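Let us walk through this structure together, one stop at a time. Keep the sequence and the 3D view side by side as you read.

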Amino acid sequence: MIEETLGNDADNWDILITSRRSYFDFNIRELWRYRDLLMMFVKKDIITVYKQTILGPIWFVVQPILTTLMFVVVFGNIANIGTDGVPQILFYLGSITMWNYFSETLNITSKTFTDNASIFGKVYFPRLILPLSKVVSGLMKFLIQFALFLIVWLYYLLIKKSISPNVYIMLIPVLLAAMAAISLGFGLFITSVTTKYRDLAFLVSFGVQLLMYATPVIYPLSRIHHHRIWLWLNPLTSLFETFKYAFFGSGTFSLPWLLYSLAFTAVLLTLGIVVFNKVEKRFIDTA
Amino acid sequence: MSKEVVIKAEGVSKLYRLGQIGTGTLSHDLKRWWAVTRGKEDPYLKIGVENDRTKKATSDYAWALKDINFEVKQGDTLGIIGKNGAGKSTLLKILSRVTSPTQGAVKVKGRIASLLEVGTGFHPELTGKENIYMNGAILGMTRKEINRNFDEIVNFAGVELYINTPVKRYSSGMYVRLAFAVAAHLEPEILIVDEVLAVGDAEFQKKCLGKMGDVASHGRTIIFVSHNMQAVQSLCKSTMYLKAGQLQDYGQTSAVINKYLSKEVKNCLQRSWERSDAPGNDVVSLLSAQIIPRTDDSDVILISTAIDIEFRFVVHKEMDLCLSFLLYTTSGNCIFNVGTPTEVLKPGEYHSRLKIPGRLLNDDIYTINLLFVKDTSVIVYQVEDLLTFEVADEVRTAQWYGKWPGAIRPDLDFSLL
C-alpha cells in the first residue's frame, strides 16, 4: 500500500503497490490532497453528535460544568486539596477543559483501527486522515469548552480581580499544539499496537484515568513536596503548569521542563506516525 | 497508436492465515516465542497450501493469490471471473490498496477508484447532500469535483426531493442508488467495480451499465468483478479467470468464459458400472446413466440445450416395473417427476431414454434421482444423486442481468394481440 511518485523513470508509474515500505515514506503531499476528506470527517463528527438533541452543542459545555462542580465538592471541599489560592471553580474548570481535550483525543485516536475497520476494508485513503480529523474535531469541541472557561476566567479577572495572569498566555497555542501532538502520537502508537494485541486496549481508558492523577490536573504542583522530579518527567506536567501559570499566575513555570515536554512530544509523534504507517498496510488482514 | 499499459501486476501473491490462529491475543505470540526459545519449530508457521475451499486446510496459511501477472491497457474493460474463493476479491483489494500483497508488485498509472462496496462512509444521520460530500471525499474526490457533479449525481440517483433528509429515512433502494450515483461520478482513470449489479431494480441496473459503458468510452479503464457471466460478457472486452488463487486464463471474454464454464461447472454427466459391482438388488441393477447434451461443442449445457438422459439396467426377476425420474435443484426442490409406463419386464438388459427439451430448465444446478417402481406403487430400488449437471445461462439480449426467477424457464408464447 505504498503510494509514491516514482519520478521520471522509464515507465512513469503513478502508484506502486507492494509489500515493502520503509519507515519514513510519509507522504505529506498525498495527505494534503485529501484535506477535503479530513474536513468532511470533522464536519460529520460535529454534526452527528447533536443531531436529534434539543440542546445541541450546549451538551459540549454541560459535561465540564458538572465535572467542575463535582471536583469542587470532592477535591476542593471534602479532600481539601487546595488550589494555590485560585478560585476553585476556575481552577478545576481550566484543568478539566485541558484534560478533556487530551484524554478524549487519546481515547478516540487509540481506537482508530478497530473503530474504522469496515471503512478501511473497503476504500483506500491515507489512513492518517482519520486520527487527524479526530484531533481537529476534538479541537472544535475544546474551543467551545474553552470559551466557557474564558467567560468564567474574565469574570474572576475583571469583576472579582482575584487572579493575575501574565504574558505567558501567548503560549496557549503552543500548549494546545503540544497536547494535540501528545495525544495523537500516543493514540497512533496504541492503535497500531492493539491491532495485534487487543489485550492492551483494555488498559488504555483505565490508564488514561490513572494518568490524570499523575498530572497536576486536580491539584497544583506546589502541593507535591517530595520526588517532584517524577511528576516533571510526565510531559503533560509542564504543559498544565504553564497553562495555570499563564492564566492564574499561580503555577510553576519552568522553561527547561517545557522544552523537555516539547521534545518528548516531537519524538512521540514521530514514533507514533512511523508505527502507524507500518501497521496500516497489514492491518486489514488481521482485523 | 498502441495503447498505454496502465496496470501492470508482477508476481502478485497474497498469503492469509486461516482459522483461529493469530486472533490477536498476546498469548499466541507468547506460545510461539516459548516454542522457538526451546528450539522447537514455530507451531503456527507452516506455509503454503493452495486455497481450495472444498478441502479441509492442511496448513494454517493459504495463498489467496499466487504469482499473478497481467497487464491492462488504457480504455480496456477487464472482467474478473471465478468461483467464490478464487481470489477475485483479494485481487481487487490489492488493486484498490485496501491491503498489500505479500509478494510482488502492482504498478498503476493514474488514479484508481474502487466500488468495493457502494455507500462506504455513509452516515445514517447525515442528509443525502452531506453524504454525497462525505462519500465523494472518501472515494477520493475533492470538494470542487463534487460541486461540479452535484446536480448530476442527485439526478442520476433520483432523490431530488429528499436531498435534505437524513439517509436513515431513505428506502434501501434510494440509499443504494444515491451511493452508486456518487461512485459513478468519480472521474478516475481506473474504476474498479464489484458486483454492483446485484443491487437495484432492472431500470437502475440499466442506468448503471449505461454509465459504465460511458466511462469506458471516455478512454477510462474499468475492472469489473462478477459471478454474472452475462454482465461480464456484455461489458468486458477481455476477461481474467481465477481459480484457487491462480490465473487460469486471460484473454478475449467469450473464450475465457467458455473455458470457465467447462472447467468450473461440476457436472457429473456419466456413470457406469460393471455387472459385478452394479448398484441394485435381487430385482434390478443399474449399469449406467448418462446425460447427453444435444450440442456440437463441449459439455456445456445452456438454457437452450436439449439433453437426453439415458439409463441401462438389468432386470433379474420378471415383474411389473416402471422407471421414475425425479429432477431436483441443489437446494432440494423437486422440479418434476416423470415415469415410464409400467410394463411386464422379463429378466434381461434394458435401455431407456428421457428427452428434456431446451428452454425448459432455468439456470441452476440439478441432480437426478432414479426410482424403480413395482406395480406403480412399491419402490424396489432407488439411486439418489445419480447425476449432477449445471444449466448455464445464455448471453441475453435484453439489458438486464439479474438472476432469472423461477424453477423452470419455459419458452412460452407470450405476446401482444
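A:Asn80 sits in the loop between helix 3 and helix 4 (88-109) of chain A; helices (H or I, at least four residues) and strands (E, at least two) are DSSP runs, numbered from the N terminus. The phi angle of A:Asn80 is near 55 degrees, a positive value in a residue other than glycine. Most residues other than glycine have a negative phi. With 54% relative accessibility, A:Asn80 counts as exposed, where exposed means over 50% relative accessible area, buried under 20%, and partly exposed in between (1.4 Å probe, protein chains only).

A word on what you are looking at: this is a predicted model, in which local features need pLDDT of at least 70 and side-chain atom pairs count only at pLDDT 80 or more, while totals for chains, interfaces and linings use all residues. Residues are numbered from 1 along each chain as its sequence is written, chains are lettered from A and ligands numbered from 1 in the order in which they are written, and side-chain values use heavy atoms, with hydrogens and water left out.

Now follow chain A to helix 3 (residues 59-78), where you will find A:Trp59. This tryptophan is partly exposed, at 47% relative accessibility.

Just after helix 7, A:Lys161 takes a positive phi of about 50 degrees.

How do the two chains meet? The contact (heavy atoms within 4.5 Å) takes 40 residues from chain A and 48 residues from chain B. On the chain A side, A:Trp13, A:Ile17 and A:Lys122 lose the most area to chain B, together 19% of what that side buries. The area buried between the chains is about 4000 Å², with carbon and sulfur atoms giving 59%; buried area is the accessible area (1.4 Å probe) that two parts lose on being put together, summed over both. One salt bridge is counted between chain A and chain B, meaning a side-chain nitrogen of Lys or Arg within 4 Å of a carboxyl oxygen of Asp or Glu. The side chains of A:Glu30 and B:Arg97 meet in a salt bridge, at 3.9 Å from N to O.

B:Ile309, in strand 14 (residues 307-315), counts as buried because its relative accessibility is 0%. Leaving aside neighbours within four places in sequence, B:Ile309 is in contact with several residues, including B:Gln290, B:Phe325 and B:Leu387.

Our last stop is B:Asp385, in the loop between strand 20 (378-383) and strand 21 (388-392) of chain B. B:Asp385 is partly exposed at 47%, and its phi is near 50 degrees, a positive value in a residue other than glycine.
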